[in-house]
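Colleague: I would like to go through this model feature by feature. Please give the general idea each time, then the case at hand.

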Amino acid sequence: MKICVATGTRAEYGLLKPLINRLKACPQFNLQILVTGAHLSPEFGLTYRQIEEEGLKVDYKVEMLLSSDTAEGITKSMGLGMLGFTEAFKNLEPDLLVILGDRYEMLAMASTALIFKIPIAHIHGGEITEGAYDDAIRHAITKMSHLHFSSTESYKHRIIQMGEQPDRVFNVGAIGLDNIVSLDLWSKEELEKNLNIRFKPHNFLISFHPETLAEISVERQFENLLDALTKLEDSFFIFTKANADTNGRIINQMMENFVSQNGDKSALFDSLGSLRYLSVMKIADAVVGNSSSGIIEAPSVGTATINIGDRQKGRIQADSVLNCGSDTKEIYDLLKKAQEPDFNVRFREVENPYGTGNTSAQIVEVLKEIDLSNFGPKRFYNFI
């Protein structure tokens, strides 16, 4: 079976890597890797090279990312993507396409696969993120997919509620937890040497992305966060760049300006990669921002999350996730709380609703048993 795994961002590849390695090792499958989006952009670090450096073959590259993060630019990027995916599928002829999540690159890809009658296996469907247009994209991809791998039982039921056949929906947990189980995370000393930084008594991992449906501007939201950070003492901040969503470049420029003015207590990275990112997450006082990693992965390493705004609103959360608005004082008050000596102690054994790992192995076992000949026209399942 020719299984094509698609990836458009560094974060997405980090999540998919354990699954990719399992598919590659299984003689039953012929693995294909399709790379697109920010992976092919110098601005975002040309991260497709990381895939190749890890001994994996990139079977097809689809350029689609314009040098613009406006609504017009992203929409045009999707159009270019569909042209490129047309050629990719014509050449690769995959039996099954694996898509993770809810990004606009994947919506363009899923739409193309639909017309080519290529079945889609969708990972992380059924979730809710009310503060971003990703929410609608995720559900659209679900309706174009034949096979579904949810991260919780609740999300599994939501997929079925959307009319998908129950025998094609599997709760396998969050795929991002596989890396936490399998990777030997670095110590604070190892991170300092590798990243060429010096941690302080308190350390925070900052991962902030555009809240694409927010009424308040991206600049104002992120400016309030930076204002809160400047008020903290004895703290070091590690920033990872925002993704290629609408207005993502605005955030990245503000990060660069902050770090250039506060080089003694901050550092900015295009991409940390899974190992370094999770290692920083584990030693941090808190993950700060609005990234899904703070919701899904952080509880499994015993680190609290200060989740800002509505980008992740609606997602199931562990007790270690603390929500606040984008007001400077609200953010600052939680940051100060995170500096208290016993703050993270209560989160070290918190239960993560997204499982305990081993997701990739479960997905592969399902794929081994699946009969693609049954993946003809879909029938709507009446939930009621």
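Colleague: Where does K117 lie, and is K117 buried or exposed?

Modeller: Helices (H or I, at least four residues) and strands (E, at least two) are DSSP runs, numbered from the N terminus. K117 sits in the loop between α4 and β5. For accessibility, buried means under 20% relative accessible area, exposed over 50%, and partly exposed in between (1.4 Å probe, protein chains only). K117 has 75% relative accessibility, so K117 counts as exposed. K117 and P377 are 260 residues apart in sequence, with 9.3 Å from C-alpha to C-alpha.

Colleague: What should I keep in mind about the numbering and the model itself?

Modeller: Residues are numbered from 1 along each chain as its sequence is written, and side-chain values use heavy atoms, with hydrogens and water left out. This is a predicted model, in which local features need pLDDT of at least 70 and side-chain atom pairs count only at pLDDT 80 or more, while totals for chains, interfaces and linings use all residues.

Colleague: Which residues make the nonpolar surface patch?

Modeller: Patches are made of residues with over 30% relative accessible area and no salt bridge; like charges are joined within 9 Å, nonpolar side chains (Val, Leu, Ile, Met, Phe, Trp, Tyr) within 5 Å. Areas come from the Shrake-Rupley method with a 1.4 Å probe, and for residues only the protein chains shown count as cover. Here L114, I115 and F116 make a patch of about 300 Å². F116 is in the loop between α4 (104-115) and β5 (120-123), and its 35% relative accessibility makes it partly exposed.

Colleague: How many salt bridges are there?

Modeller: A salt bridge is a side-chain nitrogen of Lys or Arg within 4 Å of a carboxyl oxygen of Asp or Glu. That rule gives 17 salt bridges. One of them joins K17 and E54, at 3.2 Å from N to O. K17 is in helix α1 (residues 10-25) and E54 in the loop between α2 (48-53) and β3 (60-62), so the pair ties together parts 37 residues apart in sequence. K17 is partly exposed at 27%, and E54 is partly exposed at 33%.

Colleague: Which residues of helix α13 are buried?

Modeller: In α13 (residues 328-338), T328, I331, L334, L335 and A338 are buried. Viewed down the axis, they fall within an arc of 140 degrees, so they line one face of the helix; the arc is that of the directions from the helix axis to the C-beta atoms. Contact means heavy atoms within 4.5 Å. The cover over these residues includes β8 (202-207), α9 (218-230) and β11 (286-289).

Colleague: What is phi for H124 and for N196?

Modeller: Most residues other than glycine have a negative phi. Phi of H124 is near 75 degrees, a positive value; phi of N196 is near 55 degrees, also positive. H124 is in the loop between β5 and α5 (134-144) and is buried, at 8% relative accessibility. N196 is in the loop between α8 (188-195) and β8 and is exposed, at 71%.
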